[in-house]
Amino acid sequence: MSTPMQLESLTVSEGVSYYYFDSGDVPGNTYTTMVFVPGMGFNGGVFRKLFPLAAAHCLRIVSIYRRDYNPTTSFRDADLAGLASRTVEGQEGFLRSQAIDIATFLVMFAREQHIPPAEGVSGGIALLGWSLGSLHIHAVVAHLDALPFDVLSDLEQYLHTVICHDVSGVFIGIPHPPGFSMEYWFETDAEKKLKLFHAWVAGHFRHKNITSGSIDDLEFYKSLNKPHSMHELSPGELAELTSAKTFSTSDTLLVSIQLDVFKAMTRRAIFDTALAEKFLPNLRVRYTCGGASPGTIVWTLHELRECLADPKPIYGPDSKKARDVKFKFQTEGNHFIFWDEPEVALEQYIAIINL
């Protein structure tokens, strides 16, 4: 199955171009543009089932191909040097550079396409990161102070909401749950590793209670005996949406960033009052997880929600809730709800934007 749309591109800096799919203008309506950043192993085509539904909901949907996902510009050795350095300065510098890239993409797209500016939660841009893509969303919010003045000024006219969908704990500085282990992570063959990851994360998990906050009510490993998401795709069709090479190289380096670096990024994003008051003070930050997503993802949101009341134990003595942050624990849908039930997924996203 191939998407009927053509990939477009934007050059955000010298030698760096991002490719993306765009559902297109919504004539005669003040529409909201939702920009999707995909997760580990997957390119922007993974959201293609949402595109035919967008206009009916007064949405314009854009899904980007992250760096290293062909045909978007691959990382150069110099780009990856900081990421691979295992130093705080190098890894923070890498995340900052990615934040600038994505923020610049948003502003350039808004300028070139003449999208409606934000009026409350209408018009403008809602930026959504799915899974590992949430890492990039946090990076954008954390490093608003690194943006050129003209980019920041324009971004403030458009970006009103950011959404993290099924974020993993490590990406926001929260360690894995006690005893949790991903054995497939030690697989050395890239294709097999991606296949094992997909078989787990695309399952449907039955939890006793997703809202209780108790780790004992969550299922971490065993999914229901039903086909996992994308089971209908042939190996070739799945390969059109994935990259085992990127999954096992630069994405794996991202996952390997020091936990303290992710803690610092999250602190800057939602627990730093000085930054929040100065940079996009009205920005709304939303977190959501699927009712049938892996237990570790649901657990992460409970842990972060608890931190809102007292972030100091994890995020440091100066941390304090600084932005409009809300959570939505869905009662249905797994990690790939936008593939299995695209209409339901869009309804959930719209509700989250309006939360």
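The side chains of K192 and E187 form a salt bridge, N to O 4.0 Å. The model is a predicted one.

Me: What makes K192 partly exposed?
Reply: Its relative accessible area is 45%.

Me: Why does E187 count as partly exposed?
Reply: E187 has 23% relative accessibility. Buried means under 20%. E187 is therefore partly exposed.

Me: Why is the contact of D145 with R268 called a salt bridge?
Reply: The closest N and O atoms are 2.7 Å apart. The cut-off is within 4 Å, so the pair qualifies.

Me: What does the pair of D145 and R268 tie together?
Reply: D145 lies in the loop between α3 (133-142) and α4 (149-158), and R268 in helix α9 (residues 259-270), so parts 123 residues apart in sequence are tied together. D145 is partly exposed at 36%. R268 is partly exposed too, at 24%.

Me: How do you know that D251 and R66 form a salt bridge?
Reply: Their side chains meet at 3.1 Å, N to O. The limit is within 4 Å, so the pair counts. D251 is in helix α8 (residues 250-255), R66 in the loop between β4 (59-64) and α1 (77-84), 185 residues apart. Both D251 and R66 are buried.

Me: Why is helix α11 called largely enclosed?
Reply: Eleven of its 15 residues are buried, so the rest of the structure largely encloses α11. Among them are W299, H302 and C307.

Me: How does the span of α11 agree with its 15 residues?
Reply: At 1.5 Å a residue, α11 should span 21 Å. Its end C-alpha atoms are 23 Å apart, which agrees.

Conventions: Residues numbered from 1 in each chain as written. Predicted model: local features only at pLDDT ≥ 70, side-chain atom pairs only at ≥ 80, totals over all residues. Heavy atoms only, no water. Helix = DSSP H or I, 4+ residues; strand = E, 2+ residues; numbered from the N terminus. Expected span 1.5 Å × (residues − 1). Buried < 20%, exposed > 50% of the residue type's maximum accessible area, 1.4 Å probe, protein only.
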